Amino acid sequence: ANAEELNGDDMTNRTYELDRAHVFHSWSPQGSLTPMVIESAEGSYVTDDQGQRFLDFSSQLVFTNIGHQHPRVVKAIQDQAAKLCTIAPQHANAARSEAAHLIAGLAPDGLEHVFFTNGGADAVEHAVRMARLHTGRRKVLSRYRSYHGGTQTAVNLTGDPRRWPNDYGADGVVHFFGPFLYRSEFHATTQAEECERALAHLERTIQMEGPSTIAAIILETIPGTAGIMPPPPGYLEGVRELCDRYGIVWIADEVMAGFGRTGTWFALDLYDAKPDLITFAKGVTSGYVPLGGVIVSDAIYATFADRVYPGGLTYSGHPLACAAAVATIETMKDEQIVEQAATLGTEVFGPGLAELQERHACVGEVRGVGAFWALELVADRETREPLAPYGGSSPAMNEVVAACKKNGLLPFVNYNRIHVVPALNIGIDEARSGLAVLDEALSVGDAHVAR
Ligand code: PLP
């Protein structure tokens, strides 16, 4: 039978069976996968093939910042498709020009040019390439507990277990520890101590590696998948100062933290420090069409004013993606979606998650800002032993996640953490109902806590 002749149930089976027969999935053993079939999505909800609706507390992979199927962005993509689906990157095009103008307008002064990519990893690749050519140096420093993408340089820079099976040598990459008070590498007990000692450790790393060999330091402004750890006040300012002292380019990776997630346009806006390069992707189009890029400082732009930039992509600044970006940013402005994210943080998630921490023994810490929160689940609050090992899962975590799904909530899960990262325009009542499901699921986790 061809697809048109099949009824609903058969169509579902066909989708699942063809997936299992022919789709090779990311980051997974292929043989044991049982992917959920999603039929539709709208706003903060996705619906599976059984008609069950889930409240999406993950924004998928933290990218549907304005929710699913926003009509204004869908229409902008349709209109652009009718007008001009595609054009090569060497031509100027209205959608691309407008997107670059809007994105540069959101970045700090002095970062005025945008190099467009297809997503986050290739943005990181190009930011590193620019930094290496600009400085004439090769090494790049990045922190443990970070994610920068799945391509070769980006995965080498990554400081999480996804790097391990992909690491064929350093490729000029050196890792260091960043600030994370709850699991401090520096025996710190206050944020001020953690900040000071993390900066001293970074400076020692620079000195030991040889400052004249280091092109760049790349940091997620607020590390995302690795645990949503907002840096203590003064840390990024200190990184800026070290970069200036040693002639190093600072790359701020805003792929996950950017485009309103933190209740500000960029997570950087929460701090008083300006990077040389900013990488972005995900929320810039709410993921409706893939787009990423690098926002370039005037000094690095000047390096390539008369010298060829040796890099490019067939689809750099693709008109469909750029039209989606323009509509997403304009919608976020007109509907005050960034402000809504800030309100969610102060009115719902800040107090609501603190309450869950008080009530549940398995919640060791909650941290975050805006619509960007992590719950650190532990088997023992005293020792802070995680409820699943670093890089792994556990029956206890699986039970908590199953309890969320059973009650219609899709959480974002990484090892021993649950992240609360919904669409920025989720309704206050919807957000509260998600927390209520989480509340019940955490009781399942409490049963695994040492008394
Ligand atoms: N950088 C950060 C901070 C990310 O969170 C991600 C993806 O999760 C990437 C880079 C890679 O982006 P992509 O998967 O679009 O290549």
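Strand 2 and strand 3 form a hairpin with 4 residues between them, and Gly-51 in the turn has a positive phi of about 80 degrees. Helices (H or I, at least four residues) and strands (E, at least two) are DSSP runs numbered from the N terminus, and two strands pair if DSSP finds at least two bridges between them.

This is a predicted model, in which local features need pLDDT of at least 70, side-chain atom pairs count only at pLDDT 80 or more, and totals for chains, interfaces and linings use all residues. Residues are numbered from 1 along each chain as its sequence is written.

Strand 3 runs parallel to strand 14, with 2 bridges between them.

| Residue | Bridge partner | Strand of the partner |
|---|---|---|
| Thr-47 | Arg-53 | strand 3 |
| Tyr-45 | Leu-55 | strand 3 |
| Leu-55 | Leu-409 | strand 14 |
| Phe-116 | Gly-293 | strand 10 |

Strand 4 is antiparallel to strand 10 (residues 292–297), and 6 bridges join the two.

Two residues are in contact if their C-beta atoms, placed from the backbone, lie within 7 Å.

**The ligand shell**

There are 16 residues around the ligand, and Gly-119, Gly-120, Ala-121, Gly-149 and Val-255 come nearest. A residue is near a molecule or strand if its C-beta atom, placed from the backbone, lies within 6 Å of it. Helix 5 (residues 120–135) gives the most to this shell, with 3 residues. By class, the shell has 7 nonpolar, 7 polar and 2 charged residues. Ala, Val, Leu, Ile, Met, Phe, Trp, Tyr, Cys and Pro count as nonpolar, Asp, Glu, Lys and Arg as charged, and the others, Gly among them, as polar.

**Domains and overall dimensions**

The domain assignment gives domain 1 (36–66 + 336–446) and domain 2 (71–334); such bounds come from an automatic or database assignment. Taken over C-alpha atoms, the domain centres are 25 Å apart. In domain 1, 27 residues are in contact with 28 residues of domain 2. Elements that each supply at least two residues of the domain 1 side include helix 2 (59–62), strand 11 (363–369) and strand 12 (372–380). Helix 11 gives the most to that side, with 5 residues. The side of domain 1 that touches domain 2 has 13 nonpolar, 9 polar and 5 charged residues.

The chain has 13 helices and 16 strands. Its C-alpha atoms fill a box of roughly 60 × 60 × 45 Å along the principal axes. The radius of gyration of the chain is 22 Å, which agrees with the value near 22 Å for a compact globule of 451 residues. That radius is taken over C-alpha atoms, and the globule rule is 2.2 Å times the number of residues to the power 0.38.
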